[in-house]
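User: Could you walk me through this one? I'd like to go from the overall picture down to the details.

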Amino acid sequence: MANTPSKPLPSKYVIAKPESFGALDLSAARVSPVELPEAIAIESALKATAERKLPGQKDIEMTHDLWSEAEKDAPRVKEKDKDKFEAPDEDSGGPAGPTVRRFASSQEAVDETPREKRAVWVVHGMGQQIPFETLDSLANGLIDVLPNQQIKPRLRTVQIADQVLQRVELDVDGVQKDGAGKPLKKYELHLYETYWAPKTEGVANLTDVASFLWDGGLRGILNSMKSFKRAMFGGMAMFRILCFTPLYLCLALLILAALTAINAVVLAAAGAQTGLAPLAFLKMHWPQLTALASCMVAVAFSFGAVLFVAELGKPQELSTPGRILVGGFCWMAMIYTILNILGTAVLMMAISHVDWISSYGASGTTPVVTRVCMTSANSQGWIESARNCLVCWFEKMPHAKLQSFSTLIILMAVVLVAVTMMARAWLQSSEQRLHGHGLFMFLSVATFVLNVAAVFGSVLILRGCFHGRTFPAWVNFLANPAWVWPFLILFSAKVREILVQYVGDVAIYIRPNKLDRFDEVRSEIKEAARSVVSALFTSYELKAEAGAADKFQYDKIALVGHSLGSVIAYDTLNRLMLDDWLCNGALKVAERTATMVTFGSPLNKTAFLFTIQGKDSLRIRERLACTVQPLIMSYPKFRWKLQWINVYSRNDIVSGCLKFYDLPGYQDKPRRGDPPPDPTIKRVRVKNIKDRDAAVPLVAHVAYWKNKTVWSALLSQIAPGTVDPPTDLAALL
């Protein structure tokens with residue numbers, strides 16, 4: 001998720017003093033059965049909140065005093081160590097700065113025009129994130145797209161009621177200026193995150209992941225057989241499913257089955273080497289199995305090199321033809337790799353499942369296989385003839401030559417990756433731009449050619465096209481089967497890590513239509529997200545002076561979610577809207593939510609793959625599930641002011657265009673008799689925006705963080721007037 005922006009990020013920052021805020025007591029607004037007017041509900045909630053003391057308020061005030069004492073003295077270092085400490089500069093409020101204190105507070109900064117406070121909450125997706133990594137990527141992404149602004153982030157710890165949170169503060173100016181050259185719009189963005197990665201660590205195993213994938217794939221194939229029905233907006237909407245959808249699902253399940261078969265054969269072959277009697281027949285064909293495994297590993301490693309080199313060359317900064325070229329190389333390499341995996345699985349299963357291979361002759365030394373190869377096929381049926389031809393093909397396989405070729409491909413892929421990394425380091429150290437550099441295009445083409453050679457070279461060797469030709473003597477040592485097993489173990493470990501660490505998180509959180517053991521973990525993740533976002537909506541500023549009215553700290557809040565985090569953000573906003581509805585609209589969640597930005601989102605796939613389309617379930621169960629999702633319950637009540645932006649890429653197999661969260665053919669125009677819409681409010685449908693810079697397949701799922709589409713769309717909603725989005729993006733917004 002690391003961000004590599006196109007312009008230098010600020011090297012200075014400010015450690016701001018902690019602050020505390022009150023939080024609205026929702027229990028006072030939840031009056032039943034008498035429904036209070038909205039204003040009375042808010043007033044009663046504020047009154048009840050004011051009557052109770054904030055937990056630890058005394059301690060917070062003492063902390064403020066200590067912080068003020070700390071501001072009086074600057075850090076001191078020895079003369080000889082001055083070059084090891086970079087002191088704050090004058091502009092950041094360092095000891096030489098006469099007007100701005102070193103530990104600055106946003107309220108204490110001298111500014112003629114008050115800034116509008118806006119909150120942005122982000123939640124990460126699947127994988128092994130670390131604390132504040134997502135917040136760092138969010139801050140860097142926003143800073144990178146702001147034009148000609150030198151932003152100095154402030155880092156602060158705040159307490160909202162009983163919640164202690166860390167945030168990043170950014171002062172953002174609008175691009176339009178007044179007559180004096182001052183910006184017309186000024187915002188103070190407060191960035192928060194929810195970190196939930198440790199809650200799923202070690203919870204799912206490979207069996208859970210495989211079961212989840214098979215269940216989703218089979219359910220998706222069943223749902224593709226007819227119109228897909230979904231309860232939403234008080235009725236039942238029917239969506240047409242593309243004819244290619246079941247084919248893609250079948251291919252995905254076929255790849256999963258192939259990887260499972262290869263892993264099983266590899267484990268069985270390893271067991272045969274230990275002397276297990278039931279697996280002795282595999283030991284006899286150890287060289288052939290090793291050669292096939294080495295071919296698969298060579299293709300997989302070269303494909304990984306294609307993706308790595310393509311992404312390292314920063315394709316998001318290439319021209320459109322350059323991005324298409326790089327993406328085309330990667331897609332072709334991906335197709336070759338898939339075909340190679342499927343072919344390897346078939347051949348390995350053929351070796352391990354022909355029972356005649358383990359039969360021996362009367363002497364116990366000559367396998368029946370050898371005798372069968374010499375037997376005339378005219379005396380046998382076509383099934384026996386085909387089977388014997390396959391056995392003979394395995395016996396005559398040039399495994400030593402195949403082994404040497406595959407190992408050489410693996411080593412060449414490693415060398416190309418190393419050269420790419422050294423070239424990148426050299427260009428960066430010499431302050432040359434990576435954008436459009438011919439060296440990376442050359443290396444991308446070289447890795448693609450290597451991948452093609454790995455695929456077709458193996459096929460040609462197996463077909464005997466190089467019969468009679470040998471490798472030079474100095475590469476004969478590569479024919480040793482021991483070469484491939486470290487790479488095979490590494491490949492298997494990487495595949496397992498991706499499945500368990502990434503897909504496992506999805507399997508834990510996405511609730512399939514069956515009982516599982518992850519309910520408690522799901523509840524913990526949802527509560528972690530809800531508690532933070534609820535604190536932002538309920539937070540209000542303490543009275544500055546007697547008689548002053550209390551007000552919410554944030555009038556506008558944005559929710560941002562990547563990958564699985566988009567599902568968490570969707571569930572969190574639905575939960576808060578439902579709670580607010582039960583509290584007579586005391587928090588005004590629907591009105592104060594400026595935008596929800598989802599990118600790399602699997603929301604469409606989760607809705608499609610894990611919905612039971614039985615006749616009985618559509619009557620009650622599906623409609624009841626809709627009642628806990630206000631976002632698909634009512635346009636006028638929950639979606640009229642919400643700008644839901646979904647950023648996706650065709651190169652990202654996880655994300656997609658969100659079509660199952662709006663009525664088919666829904667028009668934004670009001671019906672006859674409805675009040676005229678607010679002219680400042682734009683269309684309420686989900687805005688599906690393509691990120692054309694995410695050009696590398698598979699890697700595109702995490703490339704959004706480095707591109708500008710997501711952050712331009714976010715700033716255009718939470719801080720209007722600070723960026724000029726591209727023409728195609730502006731047309732959708």
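**Overview, cores and helix packing**

Analyst: Of the 733 residues in the chain, 50% are buried, and please keep in mind throughout that this is a predicted model.

User: How many helices and strands does the chain have?

Analyst: The secondary structure consists of 24 helices and 14 strands. Among contacts between residues at least 6 apart in sequence, 79% join residues at least 24 apart.

User: And the largest nonpolar core, which residues have the most contacts inside it?

Analyst: That core has 75 residues, and the ones with the most contacts inside it are Trp121, Met596, Trp644 and Tyr661. Another core lies apart from it, with 56 residues that include Ala269, Val299, Leu443 and Phe448.

User: What is tryptophan 644 in contact with, leaving aside its neighbours within four places in sequence?

Analyst: With those neighbours set aside, tryptophan 644 is in contact with Tyr570, Met596, Thr598, Leu603, Leu631, Arg639, Leu658, Tyr661, Arg685, Val686 and Lys687.

User: Switching to helices: at what angle do helix 8 and helix 9 cross?

Analyst: The axes of helix 8, residues 286-312, and helix 9, residues 320-352, cross at roughly 165° and come within 10 Å of each other. Because angles over 145 degrees count as roughly antiparallel, helix 8 is roughly antiparallel to helix 9. The crossing of these two helices is left-handed.

User: Which residues make that contact?

Analyst: On the helix 8 side they include Leu292, Met296, Val299 and Phe303, while helix 9 contributes, among others, Cys330, Met334, Thr337 and Ile341. By class, the residues of the contact of helix 8 with helix 9 divide into 20 nonpolar, 4 polar and no charged.

User: What about helix 8 and helix 12, parallel or antiparallel?

Analyst: The axes of helix 8 and helix 12, the latter spanning residues 399-429, come within 8 Å and cross at roughly 20°, and the two helices are therefore roughly parallel to each other. The crossing of helix 8 and helix 12 is again left-handed, and their contact has 16 nonpolar, 8 polar and 1 charged residues.

User: One more thing, where is lysine 177 found?

Analyst: Lysine 177 is in the loop between strand 5 (163-173) and strand 6 (186-194).

User: Does that leave me with a label for it: buried, partly exposed or exposed, and why?

Analyst: Lysine 177 counts as partly exposed because its relative accessibility is 46%, and that class covers values between 20% and 50%. Leaving aside neighbours within four places in sequence, lysine 177 is in contact with Lys182, Pro183 and Leu184.

How values were computed:
Residues are numbered from 1 along each chain as its sequence is written. This is a predicted model: local features need pLDDT of at least 70, side-chain atom pairs count only at pLDDT 80 or more; totals for chains, interfaces and linings use all residues. Side-chain values use heavy atoms; hydrogens and water are left out. A nonpolar core is a set of buried Ala, Val, Leu, Ile, Met, Phe, Trp, Tyr and Cys residues joined through side-chain atoms within 4.5 Å. Buried means under 20% relative accessible area, exposed over 50%, partly exposed in between (1.4 Å probe, protein chains only). Contact means heavy atoms within 4.5 Å. Axes are lines fitted to C-alpha atoms, for helices over the stretch in contact, and angles run from 0 to 180 degrees between N-to-C directions. Helices (H or I, at least four residues) and strands (E, at least two) are DSSP runs, numbered from the N terminus. Angles under 35 degrees count as roughly parallel, over 145 as roughly antiparallel, 65 to 115 as roughly perpendicular and the rest as oblique. A crossing is left-handed if the near helix is turned anticlockwise from the far one by less than a right angle, and right-handed if clockwise. Ala, Val, Leu, Ile, Met, Phe, Trp, Tyr, Cys and Pro count as nonpolar, Asp, Glu, Lys and Arg as charged, and the others, Gly among them, as polar.
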